[in-house]
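Please open the structure in your viewer and keep the selection tool at hand.

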Amino acid sequence: MTTPDPTNPYAQPPQAPYGQATPPPAPYGQPPQAPPGQFGAPQTPYGQPPQAPYAQAAPPQAPYGQPGQPPAPYGQAPYGQPGQADQSAPAEGQPWGAGVPVAGANAGPKNVPLALLAGVGVTLACGLLYGFIAKATDREFVWLVLGMAAAIGTTLGKVGGKHPLLPPLGGLLTVVGLFFGEIFGIALIAHEHTSMSVTTLLFDHFSLLVDVWKEAFDLFSVLFIVLGAFLGVSMTVKSGKS
């Protein structure tokens with residue numbers, strides 16, 4: 001191998017232009033790289049971001065056709081970073097796992113005096129209706145007892161809430177409604193056979209109506225009274241919890 005002649009300019013390697021540093025030699029087996037921005041430098045394909053340097057991971061790209069993750073609103077931290085309240089965590093002072101209170105679960109007494117007045121009014125109305133139906137059909141029905149107990153118990157429970165006095169009062173008012181309905185039905189029947197009015201029979205001859213009621217009292221009357229008392233209590237308790 002011949003050594004280059006130092007006096008021959010054609011045998012020396014090319015020199016960099018004046019004012020520019022000589023580029024380092026390219027690694028063995030790779031073509032020389034031109035400085036960025038000059039002719040011969042590697043170009044980035046159109047529409048693609050520049051590649052990250054060697055040994056540095058490039059940021060993940062969103063799939064084609066899907067928008068990237070929007071930035072967090074002003075004053076809020078991104079998801080998964082501190083500063084964002086956890087909605088699944090229990091409130092302060094509340095044990096873990098405690099659910100939302102059910103409406104009506106802790107319903108206490110509401111307006112007991114108003115419940116008493118409303119219950120008496122519903123009892124009178126149900127007694128009048130019971131008397132009209134008993135007189136028209138000349139019979140008594142179990143569903144009439146059920147309807148009267150439901151009306152009285154629902155009124156007491158909805159208005160009065162969970163008060164210990166209301167369930168027994170519901171059973172008592174149901175029995176009173178049954179008794180008043182039967183007396184009123186007897187007064188309607190007596191009005192057809194006499195010249196006295198229903199109000200006269202109820203206020204002036206009430207004892208006579210009671211005597212007639214005692215004569216017609218039988219085992220079915222006892223069953224209706226017991227059923228009415230039980231349904232009145234249970235319906236009042238159920239309505240007070242809701």
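Predicted model: local features only at pLDDT ≥ 70, side-chain atom pairs only at ≥ 80, totals over all residues.

**First stop: H1 and H2**

Please select residues 112-137, which form helix H1, and residues 142-160, which form helix H2. The axes of these two helices come within 8 Å and cross at roughly 165°. Angles over 145 degrees count as roughly antiparallel, and H1 and H2 are therefore roughly antiparallel to each other. In passing H2, H1 makes a right-handed crossing.

Next, display the side chains where the two helices meet. On the H1 side, the residues in contact include Val112, Leu116, Val122, Cys126, Tyr130 and Ile133. On the H2 side, Trp143, Leu144, Met148, Ile152, Leu156 and Val159 are among them. Which classes of residue make up the contact of H1 with H2? It has 16 nonpolar residues, five polar residues and no charged residues.

**Second stop: H1 and H3**

The axes of H1 and H3 come within 7 Å and cross at roughly 35°. Here too, H1 passes its partner H3 in a right-handed crossing. The contact of H1 with H3 comprises 17 nonpolar, seven polar and three charged residues.

H2 and H6 pack with their axes 7 Å apart, at an angle of about 35°. The crossing in which H2 passes H6 is right-handed.

For a view of the contact itself, display Val145, Leu146, Ala149, Gly153 and Lys158, which are among the H2 residues involved. Their counterparts in H6 include Phe224, Leu227, Leu231, Met235 and Ser239. By class, the contact of H2 with H6 has 10 nonpolar residues, eight polar residues and one charged residue.

Finally, select Ala134, Arg139, Glu140, Glu182 and Ala216. Of the 16 residues that line the largest pocket, these are the closest to its centre. The volume of the largest pocket is about 360 Å³.

Which helix supplies the largest share of the lining of the largest pocket? That share, five residues, comes from H3. Colouring the lining of the largest pocket by class will show eight nonpolar, three polar and five charged residues.

Methods: Residues numbered from 1 in each chain as written. Heavy atoms only, no water. Axes fitted to C-alpha atoms, helices over the stretch in contact; angles between N-to-C directions. Helix = DSSP H or I, 4+ residues; strand = E, 2+ residues; numbered from the N terminus. Parallel < 35°, antiparallel > 145°, perpendicular 65-115°, else oblique. Left-handed = near helix turned anticlockwise from the far one by under 90°. Contact = heavy atoms within 4.5 Å. Nonpolar A, V, L, I, M, F, W, Y, C, P; charged D, E, K, R; others polar. 1 Å grid on protein atoms, 1.4 Å probe; cavity = no way out; pocket = protein on both sides within 12 Å on 5 of 7 lines; lining within 4 Å. Points joined across faces, edges and corners; volume = space filled by probe spheres on them.
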